[in-house]
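Me: I'd like a close look at the aromatic pairs, and then at the packing beyond them. Keep it chatty, but give me the cut-offs as you go.

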Amino acid sequence: MKKLIILFCVTCFLAPAISQISIDTTDYQRAEEFISSNITKKYYRSWVNPHWVKDASFFWYSVNTKKGTEYIKCETNNGHKNPLFDQEKLAALLSKELDKEIKPYDLPIASLEMNKDGKVLTFKTHQQWYKYNVADNSLKIFDKPQKQKLSSASPDKSRHAVVHNYNIWLKTGEDSVQMTSDGTPRYGYGVSPSWYSTKNIELESDHPLELDINWSPDGKYIIAGKYDRRQARNLYLYKVLPDEGHRAEVREYERPIAGDSIVPTVEYVLIDVEQKTVKQLDIPAKATFLAYGFDWTNDGSKAYQVSYVRGYKSVEIFELTAQTGKVRTVFTESANTYVDPNTSDLRILNKEKQLLWLSERDGWQHIYRIDQVSGKVINQVTKGDFVVRGIQHVDEKGKRIYFTAGGKEDGLDPYYPLLYSVRFDGSGLKQLTSEPASHTLFFNENGRFFVDNYSTVQEPNVALLRRSKDGRIIAKLETGDISEILAMGWQKPEPFKVKGRDGQTDIYGVLFKPYNFNPDKKYPVIEGTYSGPQTIRAPKTFYRGLSNDDTPLTQLGFVLVNIDGMGSAFRSKAFHDVSYRNLGDIGGPDKITAIKTLAEKYPWIDMNRVGIFGHSAGGYDAARALLAYPEFYKVGVATAGNHDHRSAKAWWPELYMGYPAGSNYDEQSNYTHAKNLQGHLMLVHGDQDQNVNPTASMRLAAELIKANKDFELLLIPNKDHGQVYYDKYMIRKRWDFFVKHLHGIDPPKNYKIK
């Protein structure tokens, strides 16, 4: 009898849960309404991106309204608003000019510029440039000078540096002087292959090129890179759907991967424009992915470069004296793990002959002031258990720094950046924005005013014009209109805070519910993941809480969660370093603890049906979750995953996994854990993915086959890293996979997302 009872219990445990949810085409149609590209169209007056007009007393912006796109002019001193121009009148002129109906609030115009008196608007439509005189309502065609390919103009536009045949020429009017002559296609001046480019291996033409020419503010000097690609190694893509014909096309692109011993490098030359001389700078050649630009002093006498050592354990700040061409190391910093290039920042204090530097050296991201001559730290400007998120503006005359920071205010979500100002010596700290929300700021040129967009995942964006001196609100510019979204039955995402794996550290996340949520039902839970240490996954703004992959899935009877575990960004250095040489952790112990905590609080969460999905590093996470925590995660969809950290660009894994590529790369490769798969896994990749090469998913597939594991593989033709993310077929297949394996329901057959 005991044996029968045990057998019965085991059978019950292994049997798939019977879903309390029914899913049909109607639910898919509702989910489609919540896809980002659809639902965001109903989020009106959602954002203000100000276009500050130089030497003018106004700025302008465009905003999406129920009528369409409106163009607004705002007086900076008092916030008074008016239309930037009469859209009805311009539409009438364009209708006549283009010989077709143009709607006033759907104007086909781009690259807008307004002159400082607000009377003449220039724009581009249908590849033609126009000038629109607002005062007399006249429209004229004009030919804007075409920018020469691979050409960079001096600050006063009197000269151009032109790269031709991988050498640099100086052009003044019709006169040209060749400055370098030894450049070759594989070892040339001033240009490097575009990071995004690929080319047919059978064609002679090289990759599309990007310019690397840096003029001094006074136009007297140029710093140019010289790129050594003689030993560059390629990655390849197999294009099964060529543009024409029936022969598949092989494409190549230059890309160093983590651990490569030989990589393309860059060195620098200084060109004296007036003396027509070229000098090799005494800066060691470095891997091209470690190449950072130069910041000039206002007078053009010096330039500074932030230069990381491969592996990112240390950084140097080089100073170039333009007149002599001499280079010296002003400042160095090192860390046991890494000095993060994603958060570090250098600013020049021209009048003070000092530098501002963002660093995590005391365990939190803070601002330091450095003497330009000695390289010594004068003082730590900000201190405390909070994170400086970024320097927004520096007022040298008033000796104040305007910066955003998170975690300074007790009881507030530490991921919310608020604005503060502080004197150079660290005194006089002021909080300039107090609203408990995520703030995004745009300062005008002189820093006297800024536009503040703030929101939470529950409250739509409010855009304010504020005074920098004290944060005083001058005018409310826009308030997000979500009336149509509410009418759709949209449920507010719910932020939460729980304790992490150690029982002490606060872990933050967001929970999404279906529109027809019923607390008496049991819901499978799906985690949307991205544990890349440079950012976070859980949204903090209204737009991010609305525009995501999570909300559509909730319409199919799932509860969605986003959780930022230890190892992710914007917290302490110790919190961040959990992921160092340990990306395979994916914050999993914190996320599992969080979901279990939520399930204890909310009985409608079904802990026996947990899924996960993600893209890129999130794709790695999704597969990793099923391989590392198979007892918890049952279903996963991994899109464009870098399943071995040597399968993508070198800089990212070498920053977080270390260099050289050691045994930890093998330990945390999904390939080496394929035998652990127990749940249902779908791998998706675009065959033209030049960011994470599709071999990453194919090799994981090979290991799963080797281990005799059941899984699904979807390779989408002619889609790159970004395109596959938005591919409608992929989105539908992800929905199908979760509906089938978490609900135990056959999804609607061949549903087509329009």
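**Rings and packing**

Reply: Trp 52 has a relative accessibility of 25%, so it counts as partly exposed. That label sits between buried (under 20% relative accessible area) and exposed (over 50%), with a 1.4 Å probe and protein chains only. Bear in mind that this is a predicted model, where local features need pLDDT of at least 70 and side-chain atom pairs pLDDT 80 or more, while totals for chains, interfaces and linings use all residues. Residues are numbered from 1 along each chain as its sequence is written, and side-chain values use heavy atoms, with hydrogens and water left out.

Now the rings. Phe 59 is at 0% relative accessibility, so it counts as buried. Rings of Phe, Tyr and Trp (its six-membered ring) pair if their centres lie within 6.5 Å; planes under 30 degrees apart are stacked, over 60 edge-to-face, and the rest tilted. That rule gives 31 aromatic pairs. One of them joins Trp 52 and Phe 59: the centres are 4.7 Å apart and the planes at 55°, so this pair is tilted. Phe 85 and Tyr 132 are edge-to-face, because their planes sit at 80°, with the centres 6.2 Å apart. Phe 85 is in the loop between β4 (81-83) and α4 (87-98) and Tyr 132 is in strand β7 (residues 128-133), so their pair ties together parts 47 residues apart in sequence. Helices (H or I, at least four residues) and strands (E, at least two) are DSSP runs, numbered from the N terminus. Both Phe 85 and Tyr 132 are buried. Elsewhere, ring pairs make a cluster of Tyr 43, Trp 490, Phe 542 and Tyr 543.

On to the packing. A nonpolar core is a set of buried Ala, Val, Leu, Ile, Met, Phe, Trp, Tyr and Cys residues joined through side-chain atoms within 4.5 Å. In the largest one, with 78 residues, those touching the most other members are Leu 511, Leu 553, Leu 556, Phe 558, Tyr 633, Trp 735 and Phe 738. Helix α15 (residues 728-743) gives the most to this core, seven residues. Another core lies apart from it, with 29 residues that include Ala 258, Val 315, Leu 355 and Tyr 656.

Tyr 633 also turns up around Glu 527, a residue of strand β42 (residues 523-529). Glu 527 has a relative accessible area of 1%, so it is buried. Its side chain makes a polar contact with that of Lys 591, at 3.1 Å. A polar contact is a pair of N or O atoms within 3.5 Å; within protein, one must be able to donate a hydrogen and the other to accept it, and residues adjacent in sequence count only if both atoms are side-chain atoms. Leaving out residues up to four places away in sequence, Glu 527 touches others too, including Val 561, Ile 595 and Phe 613; contact means heavy atoms within 4.5 Å.

Last, helix α2 (residues 25-33), whose buried residues are Asp 27, Tyr 28, Ala 31 and Glu 32. Down the axis of α2 they fall within an arc of 145°, so they line one face of the helix; the arc is that of the directions from the helix axis to the C-beta atoms. Their cover includes α3 (36-39), α7 (550-554) and α15. At the start of α2, a side-chain oxygen of Asp 24 reaches to within 3.0 Å of the backbone nitrogen of Thr 26.
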